Amino acid sequence: MLTFYDSHGLPNPDRVRIALEEKGVMDQVTVKQVNLWKGEHRTEAFRALNPSVTIPLIVLDDGTAISETTAITEYIDHTFPGIRLTGETARERAIIHMMQRRGEQKIVDAIGAYFHHATPGFGPGIELNQNKAWGEAHLVKTLDGMRYFDRVLQSQPYIAGARFSMADITVYTGLNFSETYPKVVVPRDLTALGDWRARIAERPSSKAAAGETDFT
Ligand SMILES: N[C@@H](CCC(=O)N[C@@H](CS)C(=O)NCC(=O)O)C(=O)O
């Protein structure tokens, strides 16, 4: 059994959840929901497991704690059989890694910075160092990121090329978060991005991950 510290509806834990759903192994996972709005992650016990004090986190049977979403999803991809999400060949692995990093920088982290700094974020008890100008700059960065991925998808079916991968999951969860929490909608003229998103939303993994309530 693997323990997954989740906070449903937020992009980084949703990346893990969708990866687990793609592998079809949710029945082998104990899920602990952590309410970030209530600061349930800001405890000494949690900090001992993850000094970065962020979700997601997984804890293995031997007590090994793994944080950082890309590290967690690498572990999941290499532990469970089935669809390969992080690539097979050296070239594929590198491109997926590169595009996933772009997905983090241009969408997930950028919209996260806007949410934390230019909106109430997780609330006054959690958002202790807000900087509105920094947040607003990241809204511009997010919209640029959406336009970038739209251009990518004009010439290939998936974010990292011909096959579905972790890079798709990363961008997809970032866009969902953007529309759900800070209410930054994907511009409708980005049709390649919109069409791709509709295809990803049809995957059983996306549907399963979307099927729970959030904390707000
Ligand atoms: N680099 C980390 C980022 C994780 C992260 O920022 N998670 C957010 C939720 S999506 C979080 O736990 N935030 C807690 C907080 O802002 O206090 C990763 O890839 O896992």
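Across the interface of domain 1 and domain 2, the rule finds 3 salt bridges, a salt bridge being a side-chain nitrogen of Lys or Arg within 4 Å of a carboxyl oxygen of Asp or Glu. The model is predicted, so local features need pLDDT of at least 70 and side-chain atom pairs count only at pLDDT 80 or more, while totals for chains, interfaces and linings use all residues. Residues are numbered from 1 along each chain as its sequence is written, and side-chain values use heavy atoms, with hydrogens and water left out.

**The two domains**

Domain 1 covers 2-79 and domain 2 covers 90-203; these bounds come from an automatic or database domain assignment. Taken over C-alpha atoms, the domain centres are 20 Å apart. In contact across the interface are 19 residues of domain 1 and 18 residues of domain 2, where contact means heavy atoms within 4.5 Å.

The size of an interface is often given as the accessible area lost when the parts come together. Domain 1 and domain 2 bury about 1,600 Å² between them, with 63% of it on carbon and sulfur atoms. Buried area here is the accessible area (1.4 Å probe) that two parts lose on being put together, summed over both. In domain 1, the residues that lose the most area to domain 2 are Pro11, Arg15 and Trp37, which together account for 38% of what that side buries.

The interface also holds 8 residue pairs in polar contact, both residues being at pLDDT 80 or more. A polar contact is a pair of N or O atoms within 3.5 Å; within protein, one must be able to donate a hydrogen and the other to accept it, and residues adjacent in sequence count only if both atoms are side-chain atoms. Helix H1 (11-23) and helix H3 (69-79) each supply at least two residues of the side of domain 1 that touches domain 2. H1 gives the most to that side, with 7 residues. Helices (H or I, at least four residues) and strands (E, at least two) are DSSP runs, numbered from the N terminus.

**Salt bridges**

The salt-bridge count comes to 14. Two of the pairs are listed here.

| Salt bridge | N to O distance |
|---|---|
| Arginine 93 and glutamate 74 | 3.4 Å |
| Arginine 203 and glutamate 22 | 2.8 Å |

Arginine 203 lies in the loop between H7 and helix H8 (204-210), and glutamate 22 lies in helix H1, 181 residues apart.

**Local geometry**

The loop between H2 and strand E3 (57-59) contains proline 56. A cis peptide bond joins isoleucine 55 and proline 56, with omega at about 10 degrees. Valine 53 is also placed in the loop between H2 and E3. Its phi is near 55 degrees, a positive value in a residue other than glycine.
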